[in-house]
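Here's a quick briefing to read with the model open on your screen. Have a look at the structure first, then work through the notes by topic.

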Amino acid sequence: MSARVAVYAGSFDPIHNGHLDIIDRCRPLFDKVIVAVLHNEAKSALFSSEERVAMIGELLADRPGCRVVSFSGLLVDFMARMRARTVIRGLRAVSDFEYEFQMALMNRNLAPKIETVFLVPAFDLTFVSSSLVREVARYGGEVGELVHPAVAAALRRHYAP
Amino acid sequence: MSLTRLLRRAGASVIVRGLRAVSDFEYEFQMALMNRTLAPRLETVFLVPAFDLTYLSSSLGREVARFGGDVSQLVQPAVQQALRRKFGR
């Protein structure tokens, strides 16, 4: 049987504890977990895709079976290159649902054999999002409970006056 | 028997649920978090059905069959027969 490879795709700008929770939930379910960082030219990111990959790589070092790769273009094309058939997405709230549903059906339309699997993060992380973490960090709020210390340090450096 | 006990007995670690619409979501979310509280190692995994089946539910299928509607597009022939017998049509 071929290895069960999951691709957890997103912007991860920056990666937060909700993302790490989903990664850790994937690990017992799949042989390999690929964290796929979307490099989007059109969207201005806080951290470059290189910075995001480096940050995530550091956090995956003690998670065997996990690695990080950046990609641009269609997710389904990236999946084919990785020989992966499962897309992982986290579902936090009703507000995520409509967009995620649309994306799952569009990706199925493009690549019928690819399955999108949704996981629910730990309840006490369901309110955490990268955009909210950026917002809080921008105004000097405490994000130590929401992100890894290395990410908190990177945010501090970024927003240092 | 509770679902968590059944899963433990079967040696299963994953619960599969289908997500059809926003209206499913709140209840499913609550259930997933409750089952996690009862059995932290059990993971609930959600899949999306084929788009042209997302409106389908057992309750709606029963409702249609009860009033003699055609459910042949919605269920297997054996199920259709069982519904017909049940509702005497």
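This is a predicted model: local features need pLDDT of at least 70, side-chain atom pairs count only at pLDDT 80 or more; totals for chains, interfaces and linings use all residues.

Chain A brings 16 residues to the contact and chain B brings 15. On the chain A side, helix 4 gives the largest share, with six residues.

**Where the chains meet**

- Helix 4 and strand 5 (115-119) of chain A each put at least two residues into the side that touches chain B.
- By residue type, that side of chain A splits into 12 nonpolar, one polar and three charged.

**The helix pair across the contact**

- Two packed helices are described by the angle between their axes and the distance between the axes.
- Here the pair is helix 4 (residues 94-110) of chain A and helix 2 (residues 22-38) of chain B, with axes that come within 10 Å and cross at roughly 130°.
- At that angle, helix 4 of chain A counts as oblique to helix 2 of chain B.
- The crossing of helix 4 of chain A with helix 2 of chain B is right-handed.
- If you want to find the spot, look for A:Val94, A:Phe97 and A:Glu98 on helix 4 of chain A, which meet B:Val22, B:Phe25 and B:Glu26 on helix 2 of chain B.
- The residues of this helix-helix contact come out as four nonpolar, two charged and no polar.

**The nonpolar core**

- In soluble globular proteins, nonpolar side chains tend to be buried together.
- The largest nonpolar core here has 50 residues, and A:Val7, A:Tyr8, A:Val33, A:Val35 and A:Ile88 touch the most other members.
- Strand 2 (residues 32-38) of chain A gives the most to this core, with five residues.
- Leaving aside residues up to four places away in sequence, A:Val33 touches A:Ala6, A:Tyr8, A:Ile23, A:Cys26, A:Arg27, A:Gly65 and A:Cys66.

**Out in the open on chain B**

- Helix 4 (residues 77-86) of chain B has 10 residues and the number buried is zero, so this helix lies largely in the open.
- After helix 4 of chain B comes B:Gly88, which has a positive phi, near 60°.
- B:Ala50 sits in the loop between strand 2 (43-47) and helix 3 (58-66) of chain B.
- Is B:Ala50 buried or exposed? B:Ala50 has 10 C-beta neighbours inside 10 Å, so it counts as exposed; the cut-off for exposed is 12 or fewer.
- B:Ala50 and B:Arg20 are 30 residues apart in sequence, with their C-alpha atoms 9.2 Å apart in space.

Technical notes. Residues are numbered from 1 along each chain as its sequence is written. Chains are lettered from A and ligands numbered from 1 in the order in which they are written. A residue is buried if 20 or more other C-beta atoms lie within 10 Å of its own, exposed if 12 or fewer, and partly exposed in between; C-beta atoms are placed from the backbone. Helices (H or I, at least four residues) and strands (E, at least two) are DSSP runs, numbered from the N terminus. Axes are lines fitted to C-alpha atoms, for helices over the stretch in contact, and angles run from 0 to 180 degrees between N-to-C directions. Angles under 35 degrees count as roughly parallel, over 145 as roughly antiparallel, 65 to 115 as roughly perpendicular and the rest as oblique. A crossing is left-handed if the near helix is turned anticlockwise from the far one by less than a right angle, and right-handed if clockwise. Two residues are in contact if their C-beta atoms, placed from the backbone, lie within 7 Å. Ala, Val, Leu, Ile, Met, Phe, Trp, Tyr, Cys and Pro count as nonpolar, Asp, Glu, Lys and Arg as charged, and the others, Gly among them, as polar. A nonpolar core is a set of buried Ala, Val, Leu, Ile, Met, Phe, Trp, Tyr and Cys residues joined through C-beta atoms within 7 Å.
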